[in-house]
Amino acid sequence: MTQPSPRPAEPARTTPPDEVDRLRDMLRTPGYLKALVFCALIGIPVSLIAFWFLAGLHQLEHVMWSDLPEALDLDGPPWWWPLPLLLVSGVLVGLLVTHLPGAGGHIPASGLHAGGPGAAALPGVVLAAAASLPLGAVLGPEAPLIALGGGLALLFRDLARAAVTPQSTAVFGAAGAAAAISAIFGNPLIGALLLMEVAGVGGPQLFAVMLPALLSSGVGSLVFTGFGDWTGLDTGSLSLKLGVPSPRLDAGDVIWSVLIAAVIGAFIHLVQFVGRGTAVLVAKRPVPRTTLFGLAAGVCAAVYALVTDRSPVDVASSGQATLAQLAADPHAWGVGALIAVLLCKGAAYGLCLGSLRGGPIFPALFLGGAFGVLLAPLPGLGIVPGLAAGMAAAASSALRLPVSSMVLAVLLLGSSDMIPVVILAAVVAFVTTELIPPGPSVPPVGRQPAPPPGDAGGRGATA
């Protein structure tokens, strides 16, 4: 009897399980489909609440810095105007973080966080932001928006009596935060991308692979787009032809962007070092020291106004509106004014990072833009490349989120022509900042409730 021929041995598996099949199975799961529908539904009320919260902050800021001086027959806010406002801000924030659950949200010096606070912490987040941002804190609204959106999503989950699991907490918190953060950036792409990086998707291994790829893509883009008199290689592209003129990159722009990024990375790291040191001091005696550091930030704005004869709003604000003015008319700022705003706003930014409540993005963008405009007269560098490199480097250094920083800088510029410079500056600043010792860790302040199940934490200024 003939023996059956033996079956050929199966080759050893050298690849992980089929990720495509795993994703397909997950998408077919009723629980996941319900989660998608729920996230789409809660995105509506969360985005509406975030919009009105942001509109209320802007309106209150306009009252404090425009309507009130006008009612007092003042020609704009005088040099001393930030002193009482930031003094009051320090007192209010100190009391709020001490007596309300959640300590008014995350300390800005600890970076952005993806996890939403519990419902009990939401009043403190809203009140601390209202006591900080309209009164002149050198911070942005993005961190309170992320906390508000994530907390509201978890609140709606609990009201709907959905299952409370670590997975649902992470998914719903991130979805609510992304819906809220889109209100400030006006673009859902940057909101989703920012939350992906903040949540640490992929971990350090993702950054280890991503940074070389980003550098290669930036250099490759220069090969195809060209710089200087060399027009590059003609190839197909998915980019749209914009009707606005944009300067052609040259070798000077590329070289200077790398050097500028390293300097800005070190500068922003120094500012954050001040912020972390301030947070350490505030944790020991929150109310008096928050008051003291709030007043010190006001002193920075007042000194700037006295020295430059410009508005103290240049320093005592998030920098969002001032950055638009700087980009629209950079020649209106002399060298002395740019140096003064970098020193004074940098100092006030560091003090507010460790004491008041808000986000780190917009002040960093302004400082980077001011740095770029200041160095624009360097041989071979222009204002637009300087702005692009400065904003990308400062955002990447402050957030430790290089991809989100690049996308944000490109969206702000409204053009893709500066993408190679943006990539190089963001990567160089990120690496520079990561190689410098981070300094003291940020301790908790006030009443910190236990995080909800599955709180994802986040990357950020101290990641």
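Trainee: Let's start with C352: is C352 buried or exposed?

Mentor: Keep in mind that this is a predicted model. The relative accessibility of C352 comes out at 0%. Buried means under 20%, so C352 counts as buried.

Trainee: And how many disulfides does the structure hold?

Mentor: A disulfide is a covalent bond between the sulfur atoms of two cysteines. The cut-off here is a pair of sulfur atoms within 2.5 Å. For C300, the nearest cysteine sulfur belongs to C344 and is 6.1 Å away, so by that cut-off C300 is in no disulfide. For the structure, the count of disulfides is zero.

Trainee: Which cysteine has the sulfur nearest to that of C352, and how far away is it?

Mentor: C352 is in no disulfide either. The nearest cysteine sulfur is that of C300, a residue that is itself buried, at 14% relative accessible area. The distance from C352 to the C300 sulfur is 8.4 Å.

Trainee: What about L95, is L95 buried, exposed or partly exposed?

Mentor: L95 sits in helix α3 and is one of the patch residues. Its relative accessible area is 38%. That value lies between the 20% and 50% cut-offs, so L95 is partly exposed.

Key
Residues numbered from 1 in each chain as written. Predicted model: local features only at pLDDT ≥ 70, side-chain atom pairs only at ≥ 80, totals over all residues. Heavy atoms only, no water. Patch = residues over 30% accessible without salt bridge, like charges linked within 9 Å, V, L, I, M, F, W, Y side chains within 5 Å. Areas by Shrake-Rupley, 256 points an atom, 1.4 Å probe, with all protein chains shown as cover. Salt bridge = Lys/Arg side-chain N within 4 Å of Asp/Glu carboxyl O. Helix = DSSP H or I, 4+ residues; strand = E, 2+ residues; numbered from the N terminus. Buried < 20%, exposed > 50% of the residue type's maximum accessible area, 1.4 Å probe, protein only.
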